[in-house]
Amino acid sequence: MARIDVLFKSTVISAINAKERSKWEMSIDGCRRSFGMSVGMHALSRKICRLTVRCNEFALIATFLVLSACAAMPRPERSLDQLLADKKILIVRQNERFEVAVDKIVARMEMIKSGKASDTAYDVLLLSGGGDWGVFGAAFLIGWLENQDVPIPEFDYVAGISTGSLIAAFTFSGEEERFRQMEQFYLAADENFVTLGGVFGLGILPFIRNDAALADASKVEAAVRAAIDDELVDEILAGSAQNRILAAGAVNLDMGLFDAFDLGAELERAEDPKERLTKILLASSAVPAAFPPVEIDGDLYADGGASVGIPIFRLGMLSTVFERWRERHGDAPPQIHFWLIFNNKLGVPPHVTARGWSDILLRAYKIALQTTLVAPLYSLNQAAELAERSSKTSIDLRWVAIPEGFKEMAADAAFVPEVMRELSTLGHQMGGDATSWQSEVPEL
């Protein structure tokens, strides 16, 4: 991996010249928001590209520094045997969490069947990544909340990755004030919310030094910390006490595994619940290489979108839930509603791809990343159909995404106020219109 990094850095710096610059930037424009993760990936990519062009004459110096002197901050060494043992421990812990989650889901379903919950169906809300485009999801939920024709349910299971994890945490309580707070989180930011690090914000030193991140994420972290208060922690704990689940997904970089944190359970056993919540949400939103990873329990965690596009149920969870229900009850469990909000476009618009290596690379990159959005949706739909047939329970799956016709600005920064306002307006409009929901799952 280290040699790949060195090869990439030295090759890109020395290969891209001013003549290729416009073609490269147009290719990056085609990848806008494809990463589906946290803030600023597209804008940072454009800035990094321009940085390499400006620094072309320093290619030999940069390559020499990278190869000889510069290295990331060292971490405690672990042998392969120790890493494999730690991975087994994490897998055991994940299996334990899975069993706890299944029991909580069944217990919540029992509350629904007995009339102790506010709704008659088990409602699941899943929120994708999408960076600053998360304002769409936050606004959509407000539009839905204001739409009296189709009342928004009290969600029994809420999960998100990246920017979706932030929305999930602040809408879990169902309070309108929290919904609006999340929308303002996005609208209050501007182009300087995420910038390249280093001297004069050019990103040169982080690039050459092989820092943990190319971007300065201090403003993002400060905003997240300011938004998380003791009342939010109490709301999450109160929901967990009613067997409702709030989950945030992140990737364990050391173990190479996707990890879903039940935030209610995490806060219940944490010495400092607010700090634990902050760390997990920051980790879920930490775009690899753009934002620094977050250390949790000795391992480095980064954006959950590096693994999956939406935080779907673990494979087999639905069938396990229904098996557990049949063991305790003879009747069918309550109806299940899946509501999926993509803070992104779904699918890859057609595009005539040029023969240049940069065009081919970035086009393939976009296709691969968009597949991480469609594939989990397809898998979830297949699992729901199988579980529905075996349990004779009605399972309804609906999704919404930013329309393919939404025109994107070729901006050099994330959180551009004009774009944020357009997405907010779009979210409000679509959230207030029940026909925005789609039920047909697109093919892979």
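I started with D259, which lies in strand β6 (residues 257-262); strands are DSSP runs of E with at least two residues, helices runs of H or I with at least four, numbered from the N terminus. This is a predicted model, where local features need pLDDT of at least 70, side-chain atom pairs count only at pLDDT 80 or more, and totals for chains, interfaces and linings use all residues. Residues are numbered from 1 along each chain as its sequence is written, and side-chain values use heavy atoms, with hydrogens and water left out.

Is D259 buried or exposed? I found D259 buried, at a relative accessible area of 1% (buried is under 20%, exposed over 50%, partly exposed in between, with a 1.4 Å probe and protein chains only).

Next I looked up salt bridges, meaning a side-chain nitrogen of Lys or Arg within 4 Å of a carboxyl oxygen of Asp or Glu. The structure holds 25 of these salt bridges. D259 belongs to a salt-bridge network with R97, E266, R269, R276 and D297.

Then I turned to K104 and D262, whose salt bridge has its closest N and O atoms 3.3 Å apart. The pair links distant parts of the chain, K104 in helix α5 (residues 80-113) and D262 in strand β6, 158 residues apart. I noted that K104 and D262 are buried.

My last stop was R180 and E176, joined by a salt bridge of 2.8 Å, N to O. They sit 4 residues apart in helix α8 (residues 176-187), so about one helical turn separates R180 and E176. R180 is partly exposed at 31% relative accessible area, and E176 is partly exposed at 38%.
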